[in-house]
Amino acid sequence: MISLEKRPQPSRAWSLATPLVAVLATMVFGGLLFAMLGKPPIEAIRTIFWDPLFGEFAFYYRPQLLVKGAPLVLIAIGLSLGFKAGIWNIGAEGQYIIGAIVGAAVGLAFYPYEAWYIFPLMVISGALGGWAWAMIPAVLKVRFGTNEILVSLMLVYVAEQLLASASLRFLKNPEGFGFPGSRNLQDYPSAFNADLIAGSGMHWGVVAALIAVIFAYVLLNRHMLGFHIRLTGEAPRAARFAGVNPSRLILLCLGMSGALAGLAGLFEVSGPAGQISIDFNVGYGFTAIIVAFLGRLHPIGIMLAGGLMALTYIGGDIAQSNLGLPSAAIQVFQGMLLFFLLALDLLTNYRITLHKPEVA
Amino acid sequence: MKLTTLLTSAAMALGLATTAMAADKTKVGFVYVGPVGDGGWTYEHDQGRKAVVEAFGDKVETVYVENVAEGPDSERVMTQMALEGADLIFTTSFGYMDPTINVAKKFPNVRFEHATGYKTAPNVSTYSARFYEGRAVQGTIAGHMTESNIVGYIGSFPIPEVVRGINSAYIHAKKVNPDVQFKIVWAFTWFDPAKEADAAKVLIEQGADVILQHTDSTAPQAAAQTAGNVITFGQASDMSEYGPKPRVSSIIDNWGPYYVARTQAVMDGTWESVMTWDGIGAGMVGIGDISDAVPAEVKAEAIALQASLADGSYHAFTGPISKQDGSAWLADGETADDGTLAGMNFFVEGIEGEIPQ
């Protein structure tokens, strides 16, 4: 008989091993899926995981990994702080949108004036925009005890309407022949978040993501606030006795994750995307939730997980184009990754024991 | 002896030529905004891709990526196709405009074709269809068929393309039914079955018994079917699975001939940057079968209108037409110029409501 036995302490070995085992299991079962679709499984897996990093055109894909991964990491780092403390910000997508709108609006307000301080101003306002949007669920929770999961999620849809409104009305390109969408910030040097070294993919958003990783690591391991965050998540009662102010923690955690999501939106709109458009948001705020858990809510883990997600996106598109895999199959593949990770997580806290059926 | 040598060398030359051609396969890439199975916009572009495969067989290789978000993702997908040796890339959504221009700058030897945009370059063409011609036919049928005199219209985004369609449908409905009234709901999406179904239900509740849609899913058709006694028109694709009622006709995007012609041009080395805007006449806009739910005389009138649009004897925007605010736009017999149509941002007289801006 097989049974599960709770470990006295979570297994450290398994907590490190599960992400790797999950990736391997995804490769095996994903390969089976591709084979059933009549595609060469090994080649498909190689296209997804190997080609972007070491293939013929890796010189182009490697920088793209940074472009795709940076917003995921930036948002996920912010989310992980709250998640650790049991504060669930599900609305990063909305904060990302608002950060982009506010930041782009500030930049476009100066158009076509050129000055060095325009971009820094945009960065600050982008962060403030995301922060303010996250403050809505935070204040409602502190003041009226509302559920931050629902409020932050619903505000995503409000933000999407504001985005449509911005593209069609107040940020619409006056030279766009009536079509929706703002001016392209890539054509406005003072507001353009260009690659720091041309073609490297390293724009300010990537730098900010790296800084956020280091900042979060230090915060969680060396700082009193980090200790309070962890304590609140693991033992809320003990935290109360230790003098943690839960309201303050809610405001801080939601505020930080909102500001980081806003920053991610600003860096995206001023760089790779270039303009506010109706479909500007592509789900980074939601994918970042997966990245945060895939990375074990640990800053370094999140950085690696963000890279892995970016890899499956980029590799997935290559596989679509080169092997004719449908995009739905790629999405199933990505879903498998999360599924296996969550399923195997069980092994961190439980062990499987085999024992002979007892004789009655 | 000599003859044999000649034949052998000829055969060899032929063999060499075949190998050279195989290496010279023209590679055509397609970037899609939705899934190929959406039954509407992307589905028809993919039908166009299949037409290219059918026309050239072994001489072409086509690749596509579906569900590509507008913005940096589309730029990456296009770059990837260009790197992998595509000769011609069709980017099939308005939002791919700036990414297409960006990538085209980096690959001057790759040709790009961007659908529904307005930016061109030496290696970027644009193409679009005069869907408003199809709307004229729909408007005529709608005007005759409505009993409540309320026609519901599901708009996607308030952009010139959509506004043009509303105006054209309204003008022609009004022509055959002076009491007709249009109710417009903006869905702010191209493809979202849930939102589209909601929009259709709202319109039906407000008394509309004809639903026109400028969104791509079949959800409004299903909503009309449930409501009963409401007619609809297929959008982008025939949607004939909802015929003979509610779907009584459709506008079909027929990209195949254009895609084949442009691929041929690349093969022949005659490709040039152009701005194509074709309608019923060139076959880019197709009118789906008008079902038996439509009385024979209405059907005949619609078909006659279709024919006059096709041979150019009639323009869908022929004066006298005034703008919504009452100011004159087109004098008697005057037809609209393409520039005004391309940037159309006003309703014609008689339509109620405002264009959100």
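Which residues of chain B does UniProt give for the feature "domain: ABC transporter substrate-binding protein PnrA-like"? The record, an unreviewed entry, places the feature at residues 25-305 of chain B.

Ground rules come first. This is a predicted model, in which local features need pLDDT of at least 70, side-chain atom pairs count only at pLDDT 80 or more, and totals for chains, interfaces and linings use all residues. Residues are numbered from 1 along each chain as its sequence is written, while chains are lettered from A and ligands numbered from 1 in the order in which they are written.

1. **The annotated span of chain B.** Residues 25-305 of chain B are 41% helix and 23% strand. The end C-alpha atoms of this span lie 43 Å apart. Helices (H or I, at least four residues) and strands (E, at least two) are DSSP runs, numbered from the N terminus. UniProt positions follow the numbering used here, feature names are shortened, and annotations may be inferred rather than shown by experiment.

2. **Domains of chain B.** Chain B is divided into domain 1 (24-129) and domain 2 (134-252 + 286-342). Such bounds come from an automatic or database domain assignment. The centres of the two domains of chain B, taken over C-alpha atoms, are 29 Å apart. Their contact takes eight residues from domain 1 of chain B and 11 residues from domain 2 of chain B. Two residues are in contact if their C-beta atoms, placed from the backbone, lie within 7 Å. On the domain 1 side, two residues are nonpolar, four polar and two charged. Here Ala, Val, Leu, Ile, Met, Phe, Trp, Tyr, Cys and Pro count as nonpolar, Asp, Glu, Lys and Arg as charged, and the others, Gly among them, as polar.

3. For chain A, the UniProt record (unreviewed entry) lists "transmembrane region" at several places, including residues 12-37 and 202-220. Residues 12-37 of chain A are 96% helix and 0% strand, with end C-alpha atoms 38 Å apart. Residues 202-220 of chain A are 89% helix and 0% strand, with end C-alpha atoms 26 Å apart.

4. **Domains of chain A.** The assignment gives domain 1 (1-39 + 325-360) and domain 2 (66-322) of chain A. Between their centres, taken over C-alpha atoms, lie 30 Å. Domain 1 of chain A puts nine residues into the contact, and domain 2 of chain A puts in seven residues. On the domain 1 side, helix H1 (12-36) and helix H14 (327-349) of chain A each supply at least two residues. H14(A) has the largest share, six residues. That side has six nonpolar, three polar and no charged residues.

5. **Helix H14 of chain A.** H14(A) has 23 residues. From first C-alpha to last it reaches 35 Å, close to the 33 Å expected at 1.5 Å a residue. The expected span is 1.5 Å times one less than the number of residues. Among the buried residues of H14(A) are Ile330(A), Phe333(A) and Leu337(A). A residue is buried if 20 or more other C-beta atoms lie within 10 Å of its own, exposed if 12 or fewer, and partly exposed in between; C-beta atoms are placed from the backbone. The cover over the buried residues of H14(A) includes H1, helix H12 (284-294) and H13 of chain A. Leu346(A) also sits in helix H14 of chain A. Leu346(A) counts as partly exposed because it has 13 C-beta neighbours inside 10 Å. Thr18(A) is 328 residues from Leu346(A) along the chain, yet their C-alpha atoms are separated by 9.3 Å.

6. **The contact between chains.** Chain A brings 28 residues and chain B 31 residues. On the chain A side, helix H4 (58-84), helix H7 (148-170) and helix H13 (299-323) each supply at least two residues. H13(A) gives the most, with six residues. By class, this side has 15 nonpolar, 10 polar and three charged residues.

7. **The largest nonpolar core.** This core has 198 residues. A nonpolar core is a set of buried Ala, Val, Leu, Ile, Met, Phe, Trp, Tyr and Cys residues joined through C-beta atoms within 7 Å. Val73(A), Leu74(A) and Ile75(A) touch the most other members. H4(A) gives the most to the core, with 14 residues. Leaving aside neighbours within four places in sequence, the contacts of Ile75(A) include Ala92(A), Tyr96(A) and Leu260(A).

8. Ile136(A) lies in helix H6 (residues 118-144) of chain A. Ile136(A) counts as buried because it has 21 C-beta neighbours inside 10 Å. Beyond neighbours within four places in sequence, Ile136(A) is in contact with Val151(A) and Leu155(A). Leu155(A) is one of the buried residues of H7(A). The buried residues of H7(A) pack against helix H5 (92-110), H6 and helix H11 (246-270) of chain A.
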